[in-house]
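This report describes one protein chain for a reader new to structural terms. Please keep the sequence and the structure in view while reading.

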Amino acid sequence: MAGSRTVFKQSQAVEDRHPFISNNKSTKLVWPSVALIALLCGRQTLAQMSFSPAISTLPDIVVTAETPPVPALMKTTQSIKDTPQSVTIIDSERMVQQNLQTLQDVLQQTPGITVQPYQFLTTGYYARGFKIDSFQQDGVPILMGQMASPPEDMAMYERVEILRGANGLLQGTGNPAATVNLVPKRAPRNTRAHAALSAGSWNRNRGEVDIGSALNDRKTLRGRLVASHEDRGFFYDVARQKSTHLYGTFEIDLDPASLLRAGVQHQRIRSITNMAGVPFYRDGSDIDLPVSTYLDVDWDRFDWDNTRIFAGLEHTFANGWTAKVNLNRLSGEARLKYAGANGAVDPLAGSRMRLMGAAYRFDNRQFSADGYLSGAFSLFGRRHEALIGANFQRTRAEQFSADFVMPVNVSVDPWNWDPHSVPEPDTGPFRSRGPTRVTQSGIYAMSRFSLADRIKLIAGARVSQWKQNTSTNTARLRNELTPYGGLVIDITPQWAVYASYAQVFQPQIQTTWQGSMLDPVKGTNREIGIKGELLDGRLNASLALFNIRQRNRAQTDPAHPCIGAICYYIASGEVESRGIEAEISGQPLTGWELAASYTYNTTRYLKDAQAQGQAFARFTPKHIFRFWTNYILPWNSGRASASLGIQAQSRYSVSSGGATLRQGGYALAHMRIGYRISSRLTAALHVNNLFNRRYYQSLSGPYWNNRYGEPRNVALTLRAEY
């Protein structure tokens with residue numbers, strides 16, 4: 001884990017102690033792999049580390065990590081402990097241990113995150129009651145999580161960084177939920193490779209290959225290729241998905257102080273989807289349908305083709321300052337054709353469900369650029385840090401829809417439905433209202449002032465421009481100011497207390513009676529807490545109290561009632577989210593890894609014409625607990641390891657259509673048994689939902705789109721490291 005103490009052995013027992021560390025891992029990876037190695041290696045310099053081929057007689061080398069993990073999304077050298085907001089890093093080692101293969105898997109294990117599948121034709125993620133809509137790739141804001149966004153495969157990523165709360169300073173627009181930064185794998189200087197094969201429940205089969213190496217004798221040119229393919233079924237009938245993911249990257253040392261890198265990512269997915277989920281009774285009570293229920297048709301299709309290209313140039317000046325420029329471009333298409341059951345089910349009258357469906361195409365384009373300069377400077381006899389930069393993002397999204405030539409208005413009995421009984425209809429012409437183009441840019445600056453040896457003051461601001469064009473109107477915001485402030489006080493070398501104030505804004509395109517655009521929604525995150533780096537940096541702990549206010553939410557204007565579909569608005573709504581987050585992660589003892597978190601969160605409408613005083617995110621549980629531990633068993637040369645995971649949360653509810661749907665609190669247990677077969681080959685057996693708990697992962701309404709969580713399932717993985 002990032003920031004943990006790792007034991008390396010220059011023999012086959014590299015994997016005796018740590019089954020996911022290979023003896024052939026490079027010790028001279030270029031930046032930013034240097035940062036990751038530094039986390040693992042602490043005081044040892046890169047030159048001091050060299051791993052030899054497996055020789056069983058060589059002694060252990062014990063390296064203590066003292067350099068704390070540095071989140072790339074902050075664009076500075078400040079560690080998690082020195083960041084005055086809640087930050088979690090889930091690295092590739094943890095992904096392997098828990099068999100986390102998609103972004104949904106990763107965020108489901110992240111403190112305080114609620115995962116809601118099939119929201120706006122994608123998976124929705126929520127933190128502190130707000131939807132996460134701020135995503136980055138290597139610190140560059142990108143288009144992800146939008147309507148019909150595809151599942152994101154984790155094979156190409158080194159780690160995922162999650163900053164909870166507002167992040168308007170570096171991101172621009174968004175909700176005060178969280179920012180998710182996906183950090184891709186880098187090209188190594190020395191040859192390294194791994195391959196993995198896995199097979200699991202519901203015929204879920206997957207293969208991965210990852211190989212990287214220097215491409216010339218001087219090792220100034222390096223490359224890496226990652227490929228994965230998955231063919232899987234689901235716990236519900238009929239549905240299936242085939243995914244292919246390719247990633248390639250190279251790096252060139254232009255000179256000792258300059259690095260150029262570029263890469264491409266392509267994802268192809270073909271699936272038989274499940275749009276309907278399961279219904280509830282009209283009164284909101286559970287029908288108790290089998291978890292395998294499938295109320296769509298066998299010709300459902302949801303396909304994606306996404307290609308992302310990126311490039312970056314960085315240079316380190318003689319005075320230690322660093323300049324970086326990163327570019328990111330996405331070209332994505334999605335195609336959906338479905339028919340799913342929708343309608344009321346009455347306990348006495350029976351089902352009134354009927355098939356409804358259509359066909360859609362989605363075209364998404366995005367170009368983003370981010371450039372910044374960071375470094376240290378002296379002022380009043382003390383050393384401080386500064387960051388100044390700018391970013392730009394342009395997106396284009398267009399949705400095409402088509403009706404079926406012959407309607408599929410078929411009555412559906414949810415207890416006796418045959419998905420193969422309805423012929424596939426032809427599709428009529430596709431039509432679009434035209435593309436939506438959004439352009440935003442901003443200039444940001446932040447300084448970290450050393451007021452005293454133990455006191456750091458962080459101050460920053462951003463000025464943003466935003467513009468949206470559709471076929472019917474243009475909306476624009478100019479010179480939107482977003483402030484940021486924080487204070488970090490080291491009370492001991494291991495512990496620091498902090499306070500922070502962060503903002504983010506979200507444009508609103510509704511108009512007032514006078515015809516002007518509403519003021520943007522303003523999200524303000526206030527947070528205080530304490531963080532610790534314990535056991536020489538092997539263990540990180542944090543406790544935070546947060547309060548979020550989101551103001552200027554659109555409300556219909558009571559002085560000017562709606563006339564048909566025409567409404568006027570005022571920016572008077574306000575909501576609040578507050579709570580506590582506690583997290584501990586790292587390596588308390590050699591061979592024992594731990595990650596545990598607890599989140600308490602309540603939300604309410606402070607100002608709302610219809611729901612004032614009520615919870616505004618009722619689907620967010622008040623209590624969320626996450627736990628994962630892995631222990632390398634001390635006997636048989638440490639060949640075996642055992643892991644235990646727990647996901648627990650309190651009850652939640654959703655109100656829709658005059659009914660309230662409820663899911664009680666539940667806890668899920670997961671386990672893993674790992675075994676090192678040889679110095680190169682390991683096997684792992686994962687069992688999720690060990691006690692086969694039946695529960696709803698998400699609720700929508702009585703008519704459809706309620707989603708069971710996965711029942712008990714197993715996966716066996718063989719992994720080879722070279």
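## Confidence in the model

The average pLDDT (the predictor's confidence in each residue, from 0 to 100) of the protein is 90, and 90% of the residues score at least 70. Over residues 1–66 the pLDDT is below 50. Beyond near neighbours in sequence, this stretch still has 176 contacts in the model, a contact being heavy atoms within 4.5 Å.

The model is predicted: local features need pLDDT of at least 70, side-chain atom pairs count only at pLDDT 80 or more, and totals for chains, interfaces and linings use all residues. Residues are numbered from 1 along each chain as its sequence is written, and side-chain values use heavy atoms, with hydrogens and water left out.

## The annotated domain

An unreviewed UniProt entry carries the annotation "domain: TonB-dependent receptor-like beta-barrel" for residues 294–690. UniProt positions are given here in the numbering of this model, feature names are shortened, and annotations may be inferred rather than shown by experiment.

Across residues 294–690, the chain is 69% strand and 0% helix, with 24 Å between the end C-alpha atoms. Helices (H or I, at least four residues) and strands (E, at least two) are DSSP runs, numbered from the N terminus.

## The disulfide

A disulfide is a covalent bond between the sulfur atoms of two cysteines. In the model, the criterion is a pair of cysteine sulfur atoms within 2.5 Å. The whole structure holds one disulfide. Its partners are C562 and C567, with sulfur atoms 2.0 Å apart.

The torsion about the S-S bond of C562 and C567 is about 115°, so this disulfide is right-handed. C562 is partly exposed because its relative accessibility is 39%, and C567 is partly exposed at 22%. Buried means under 20% relative accessible area, exposed over 50%, and partly exposed in between (1.4 Å probe, protein chains only).

## Glutamate 527

E527 lies in strand β28, residues 521–534. E527 counts as buried because its relative accessibility is 2%.

The side chain of E527 makes a polar contact with the side chain of S86, at 2.9 Å. A polar contact is a pair of N or O atoms within 3.5 Å; within protein, one must be able to donate a hydrogen and the other to accept it, and residues adjacent in sequence count only if both atoms are side-chain atoms. Leaving out residues up to four places away in sequence, E527 touches several residues, among them R128, R164 and Y498.

## A three-strand sheet

Three strands form an open, antiparallel sheet in the order β4-β5-β6. Its edge strands, each pairing on one side only, are β4 (113–119) and β6 (130–131). Two strands pair if DSSP finds at least two bridges between them.

Strand β5 (residues 122–127) is joined to β6 by two bridges. A127 stands opposite F130 in β6.
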